[in-house]
Amino acid sequence: MEFSSDNWAGASQPVMDALSRHNEGMAPAYGADAVTEAVTARFREVFEIDVEVLFTATGTAANALAMAACSRPGGLVFCSDVAHLHCDEWGAAEFYSHGMKLMPVAARQGKITAQDLGAKLAACPEGSRLGRTVALSLTQASECGTVYRPEDIAALTATARQRDMLCHMDGARFANALVHLGVTPAEMTWKAGIDVLSFGGTKNGCWCAEALVVFRPEKLRDLVEHRARAGHVFSKSRFVAAQFDGYLADGHWLDLARHANGAAARLAKGIAASGSARLAWEPEANEVFAILSKEQIARLQAAGGRFYEWSKDGCGPDEAMVRLVTCFRTGDAEVDSFLSHL
Ligand SMILES: Cc1ncc(COP(=O)(O)O)c(C=O)c1O
C-alpha cells in the first residue's frame, strides 16, 4: 500500500525497452545524436509549435533554469505559497536567478486566481523599491492535486502580461493534468500564454527525464548557457532522449497518467464512501488529500500503508490530513486493501 510519492515507482517497461533499444552502438555526444533530434521533433508535434527542448536531470533544475533565463536585476517572481519552487527546492530558483525574490500568493487548494495575482501585483507598483515584476510560475497539476483550466491559466497569464512578465509552468505532473482536462498540450500551455514549461517525465514512468520546453525562445535569454554552466548538458543525451522516446510513443505517457488518475479517483471514491474518513477536496489528478483519524492512520501504517501526514488544516484534535499519491504502478488491489483497512 504505497502512497508516499509517485517518485517511489520505477520506470515503465516501454521506457526501459527504449533505453535498451537506444543503447546499441556509438552516437554523437552532448545532444547531437539522432534520438535527441527525433525526440525534439516529437515534442514539436506534441505541442503543435516549433519549441526548443532542453533536457535536465531533475524538475528542480528545470524550474531553476527557467527562472535563470527570466531573470533581471531586482526581479520578482510570483507563485503560489505552496509552490514546489518556493517550498521544496532549497532556494534553487533564487540562487540560479542571481537572487530574484519569490513573491508567494496565498493559494486555495493549491491554486491562485487572476484576482489574487492582480491584488499582489497592485502591492508592487511600477517603480517600487521592492523590485520589478519579472515572472509568474504556475504548477500544473498543482501541489494539491488540483488542476488549472486553460481559461484560468489564460486569465493569470493575461494579468501577468499587463506587467510584462514571463509565464512559466511547473509541469512535474503535466500529463496528469492534461488527461484530467482532456485538452491538448498546446491549449494548456502556449495557447493560454505560457512561455516556458518544465515538462516532467520522472514521476510518470521515466527514471530521470525532465525537459524545458520553450515556446518563446527569444524571451528566455541565455537559457542554453545557463543550462551548460549549471552542468545539465548530458554527454550521453541519447539516454534521456530514449526515455522520452518510449514515454511519448503511442500515447504511452497519457495512458500512464490515466492509470494514475484512475487509481486516485478509486481511492477518493472509497474514502468518501467510508463514512469515517473524508476528502479534504476532490482530487483532479493523482494526489488525494484526506482527513483521517489518528487511530485510522496508525491502523493503516501498522498494516503496511505508506503515506505522509500533510497538515492540520480543517482537522479535529484527533485527526490529520494525509496525502496519498498514486502512480502508473498503483494497482486496484492496493487501493482496495487500503480502503478495507480504513
Ligand atoms: C510540483 C513539483 N515540481 C517540481 C518537483 C521537482 O522535481 P525533482 O524532485 O525532480 O527536482 C516536484 C517533485 O516532487 C514537484 O512535486
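In what follows, Ala, Val, Leu, Ile, Met, Phe, Trp, Tyr, Cys and Pro count as nonpolar, Asp, Glu, Lys and Arg as charged, and the others, Gly among them, as polar. By that scheme the shell around the ligand divides into 1 nonpolar, 7 polar and 5 charged residues.

The model is predicted, with local features needing pLDDT of at least 70 and side-chain atom pairs counting only at pLDDT 80 or more, whereas totals for chains, interfaces and linings use all residues. Residues are numbered from 1 along each chain as its sequence is written, and side-chain values use heavy atoms, with hydrogens and water left out.

The ligand is surrounded by 13 residues, of which Gly59, Thr60, Asp170, Arg173 and Lys203 are the closest; a residue is near a molecule if one of its heavy atoms lies within 4 Å of it. Helix H3, residues 59-70, gives the most to this shell, with 3 residues; helices (H or I, at least four residues) and strands (E, at least two) are DSSP runs, numbered from the N terminus.

| Side chain | Ligand atom | Distance |
|---|---|---|
| Aspartate 170 | nitrogen | 2.6 Å |
| Arginine 173 | oxygen | 3.2 Å |
| Lysine 203 | oxygen | 2.6 Å |

Of the 390 Å² of accessible area that the ligand has on its own, the protein covers 81%, by the Shrake-Rupley method with a 1.4 Å probe.

Elsewhere, two backbone features fall in loops. Glutamine 140 and alanine 141 are joined by a cis peptide bond with omega about -10 degrees, and alanine 141 lies in the loop between strand E4 (132-139) and helix H7 (150-161). Glutamine 109, a residue other than glycine, has a positive phi near 50 degrees and is found in the loop between strand E3 (101-105) and helix H6 (114-122).

Conventions. Polar contact = N/O pair within 3.5 Å; in protein donor to acceptor, adjacent residues only side chain to side chain.
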